[in-house]
Amino acid sequence: MTPDSYGDFHYRGKKLFCGDVCIEDIAHQFGTPVYIYSAGHFRDQYSAFTKAFKKIPHRIFYAVKSNANLSVIREFHQLGAGMDVNSEGEMLRAMKAGVKGNEMILTGVGKSAAEIRAGLEQGVTMIKAESKDELALIDRIAGEMGLTAPVAIRVNPDVNPRTHPYISTGLSENKFGISKPLALNIYKNYQEFPNIRFTGIDMHIGSQITATAPFKEAVDKLAEVYFEVKRGGLHLEHFDIGGGIGIRYEDETPFTPDGLASVISPTLKELDCDIFFEPGRYLTGNGGILVVKVLYIKEAEDKHFIVTDGAMNDLLRPSIYDAYHHVQPLTLRDQPEVVTDVVGPVCESGDFFTRKRALQTPEHNELLAVMSAGAYGMVMSSNYNARRRVPEVMVDGNKFRLIRSRETYDHLLYDEADLLNGNSI
Ligand code: LLP
């Protein structure tokens with residue numbers, strides 16, 4: 001196990017810090033497990049992104065699904081980001097964080113009628129349509145509301161993003177988007193949907209993409225559609241590239257926004273419209289960690305386990321994608337390493353953070369950091385095994401504050417309170 005730094009998380013002497021705050025101090029105050037985020041990292045990533053594309057007229061819509069904490073949304077909103085919301089719930093959270101309807105885009109492969117209606121009521125900048133069926137519904141609802149709906153077609157460019165199959169979305173076999181020929185046909189016959197104004201074209205080919213080539217290929221394919229639509233007399237106002245930029249979890253060397261800009265800008269500059277981006281993980285992933293405590297150390301002849309108080313319900317990624325998350329101690333103790341599985345208390349063998357990983361020989365009650373947990377961490381957590389969702393803390397420079405408290409057992413019983421009060425169970 002090599003001590004490592006991720007974003008703002010680094011060792012100062014023997015202690016893991018975020019900015020100027022010793023992580024141990026946070027864990028002692030709020031207990032474990034606990035998610036800890038770095039506002040500084042969020043800002044740095046956002047500014048690297050905007051700088052890379054400063055010569056291109058663009059807007060960034062932060063993908064709320066990666067981390068939907070109100071304070072995180074607010075942080076990006078204050079930096080100037082709009083929001084990519086994938087459900088009515090995400091829209092509500094964004095609004096509670098101060099985001100206006102016209103600063104949002106509404107995405108998702110299966111939006112309900114209620115969600116489409118809510119998006120139109122709030123006046124979102126654009127609704128993405130992922131099927132002809134959905135276009136018909138959007139058209140009908142907009143007509144009922146006496147509105148014209150701003151819509152972009154999500155085109156599936158049939159490009160292999162070379163990422164985990166569960167988070168690849170740009171292949172024709174994936175459920176997402178509309179094929180190029182069908183999209184062209186819809187744009188050509190736009191009068192079929194009198195209550196829709198086709199404002200844009202969109203793609204999102206996958207997540208945790210670490211090479212620029214798939215982006216280049218997909219952007220070029222989408223540009224072909226854009227120009228053909230233009231030749232047909234329809235001017236599109238925005239060209240949405242989606243999200244998907246990968247980060248370092250282990251030893252990946254992902255491209256930077258500058259690297260992406262140099263590859264796709266030549267095509268983007270030929271377009272006569274705004275470019276939209278929907279980054280999530282790039283902005284938040286390495287801006288967060290999950291801190292857990294060692295409960296038990298189990299040594300068998302050929303196996304070594306560290307059982308922590310954190311589990312798969314708190315951070316699901318290792319269990320469902322076999323995703324690598326670096327685990328490192330909050331205090332370096334110059335101990336020899338041991339090859340171990342770091343696991344949680346949930347009743348499943350799939351409940352692990354790492355398997356067969358070399359780690360400093362643990363001590364009881366020692367605190368460990370599971371790195372790169374700022375994206376798709378807390379948002380994918382659950383109450384499995386009736387465990388309470390953990391608190392979230394934001395570090396900013398030399399200060400930190402609680403941005404979501406630990407759930408109480410009342411939270412777990414809330415929706416059954418009526419039954420409990422009536423003693424009818
Ligand atoms: N836009 C759309 C339409 C998306 O579906 C997504 C992510 C994004 C933007 C943001 O992608 P990002 O920049 O974060 O890669 N739970 C998985 C990731 C699922 C991604 C879903 N869509 C994970 O933990 O890896």
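At what angle do the axes of helix α2 (residues 39-52) and helix α3 (residues 70-79) cross? In this predicted model, the axes come within 10 Å and cross at roughly 40°.

View 1. Two packed helices are described by the angle between their axes and the distance between the axes. Angles under 35 degrees count as roughly parallel and those of 65 to 115 as roughly perpendicular; α2 and α3 are therefore oblique to each other. The crossing of the two helices, α2 and α3, is right-handed.

**View 2. Residues at the contact of α2 with α3.** Helix α2 contributes A39, F42, R43 and Y46, which meet V72, E75, F76 and L79 of α3. By class, this contact of α2 with α3 comprises 6 nonpolar and 2 charged residues, with no polar ones.

**View 3. The open sheet.** Three strands are arranged in the order β1-β2-β3, and their pairing is antiparallel.

**View 4. Pairing of β1 with β2.** Strand β1 (residues 9-12) and strand β2 (residues 15-18) run antiparallel and are joined by 4 bridges. Across the pair, H10 stands opposite F17 in β2, and Y11 stands opposite L16 in β2. The hairpin of β1 and β2 has 2 residues between the strands, and G13 adopts a positive phi near 65°.

**View 5. The two faces of β1.** On strand β1, F9 and Y11 form the covered face, whereas H10 and R12 form the uncovered one.

Definitions and conventions:
Residues are numbered from 1 along each chain as its sequence is written. This is a predicted model: local features need pLDDT of at least 70, side-chain atom pairs count only at pLDDT 80 or more; totals for chains, interfaces and linings use all residues. Side-chain values use heavy atoms; hydrogens and water are left out. Axes are lines fitted to C-alpha atoms, for helices over the stretch in contact, and angles run from 0 to 180 degrees between N-to-C directions. Angles under 35 degrees count as roughly parallel, over 145 as roughly antiparallel, 65 to 115 as roughly perpendicular and the rest as oblique. A crossing is left-handed if the near helix is turned anticlockwise from the far one by less than a right angle, and right-handed if clockwise. Contact means heavy atoms within 4.5 Å. Ala, Val, Leu, Ile, Met, Phe, Trp, Tyr, Cys and Pro count as nonpolar, Asp, Glu, Lys and Arg as charged, and the others, Gly among them, as polar. Buried means under 20% relative accessible area, exposed over 50%, partly exposed in between (1.4 Å probe, protein chains only). Two strands pair if DSSP finds at least two bridges between them.
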